[in-house]
Amino acid sequence: MTSKLTEVSTSPQAALPKPTVTNKRTHKVFIIGLPRTGTTSVSVALLEHGLTVAHQAFTKQAFMLADVVSDAPCFSDYQQLDALFPGAQFVYLDRPLDKWLPSMQMLLTKMMLHLDKDNGRFHPVMKRSFNHCFDIWQVEDVLDEAHLTGCYLRHQQQVHDYFAGRDNFISIDISQANSLPTLLTFLDIKDATAIDFPILNVGRNVASWDEYKHPNKVSSNAAGPDKRKFFNYTLSKP
């Protein structure tokens with residue numbers, strides 16, 4: 001399996017829209033672990049620590065309103081977001097492959113119909129993000145264990161290579177003791193009572209974020225001065 005490089009469009013980037021709410025942080029936080037590594041648990045934990053959070057973001061405005069953005073398209077677009085948001089912090093989520101593989105197979109089984117390139121109902125940015133990391137439009141069996149293992153390891157290696165030596169990057173496994181205090185320390189959030197991440201999206205559940213009610217949640221499709229436009233950067237074709 002060959003590595004897919006990313007590139008930023010050379011056309012001038014439109015001015016970033018101004019947020020319409022007061023952000024808690026000066027710099028953005030991007031959660032760049034793959035799906036089923038704990039992105040929802042991390043997102044809810046940071047909501048509870050006072051940050052505005054978008055679990056997935058498909059418009060410029062969603063990025064501007066949120067202190068934290070997780071999941072798609074962050075796991076595929078971290079290099080572009082690094083260029084767009086100087087000073088941003090990046091959090092990679094690791095998970096043992098024997099736990100991640102069946103969970104990812106379950107998720108893709110639920111999603112594949114809606115990830116169809118032409119007729120799927122999911123947002124084009126989500127479909128592009130999943131295709132970039134999982135080759136869903138190129139392989140015959142996207143659920144194949146060897147294929148998904150290769151995708152996971154490729155993404156992991158690319159992330160660690162890209163952020164090597166950087167102090168705005170951290171890798172955690174949320175199932176490990178002290179992972180939440182470690183993350184909060186990295187983000188300079190003081191909470192002596194923090195112990196563990198909430199346990200969400202367990203088993204076949206994939207809707208914990210939608211079910212969780214909190215005033216700091218940011219809509220993935222938030223409209224702003226540029227309506228619901230996304231950024232104009234591009235990724236290389238898989």
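**Overall fold**

The model is predicted. The protein contains eight helices and five strands. Read from the N terminus, the elements follow the order β-α-β-α-β-α-β-α-α-α-β-α-α. The chain has 238 residues, and 51% of them count as buried.

**Helix α3 against helix α5**

Two packed helices are described by the angle between their axes and the distance between the axes. Helix α3 spans residues 74-84, and helix α5 spans residues 124-134. Their axes lie 9 Å apart, at an angle of about 95°. Angles of 65 to 115 degrees count as roughly perpendicular, so α3 and α5 are roughly perpendicular to each other.

Which residues make the contact? From α3 come F75, S76 and D77. From α5 come R128, S129, F130, H132, C133 and F134. Sorted by class, the contact of α3 with α5 has four nonpolar, three polar and two charged residues.

**Aromatic pairs**

The whole structure holds 20 aromatic pairs. A pair of aromatic rings is described by the distance of the centres and the angle of the planes. Two of the pairs are set out here.

| Pair | Centre distance | Plane angle | Geometry |
|---|---|---|---|
| F63 and F231 | 5.3 Å | 65° | edge-to-face |
| F130 and F134 | 5.8 Å | 40° | tilted |

Take F63 and F231 to begin with. Planes over 60 degrees apart count as edge-to-face, so the 65° between these rings puts the pair in that class. The pair links distant parts of the chain, 168 residues apart. F63 sits in helix α2 (residues 60-65), while F231 belongs to the segment after α8 (208-211). Are these two residues buried or exposed? Both F63 and F231 are buried.

Now F130 and F134. Their planes meet at 40°, so this pair is tilted. Both residues belong to helix α5; because they are four residues apart there, about one helical turn separates them. F130 is buried, as is F134. Both also take part in the contact with α3.

Ring pairs also build a cluster. Its members are F30, F63, Y78, F85, F90, Y162, F163, F169, F230, F231 and Y233. F63 and F231, the edge-to-face pair, are thus both found in this cluster.

Methods:
Residues numbered from 1 in each chain as written. Predicted model: local features only at pLDDT ≥ 70, side-chain atom pairs only at ≥ 80, totals over all residues. Heavy atoms only, no water. Axes fitted to C-alpha atoms, helices over the stretch in contact; angles between N-to-C directions. Helix = DSSP H or I, 4+ residues; strand = E, 2+ residues; numbered from the N terminus. Parallel < 35°, antiparallel > 145°, perpendicular 65-115°, else oblique. Contact = heavy atoms within 4.5 Å. Nonpolar A, V, L, I, M, F, W, Y, C, P; charged D, E, K, R; others polar. Buried < 20%, exposed > 50% of the residue type's maximum accessible area, 1.4 Å probe, protein only. Phe/Tyr/Trp six-rings, centres within 6.5 Å; stacked < 30°, edge-to-face > 60°.
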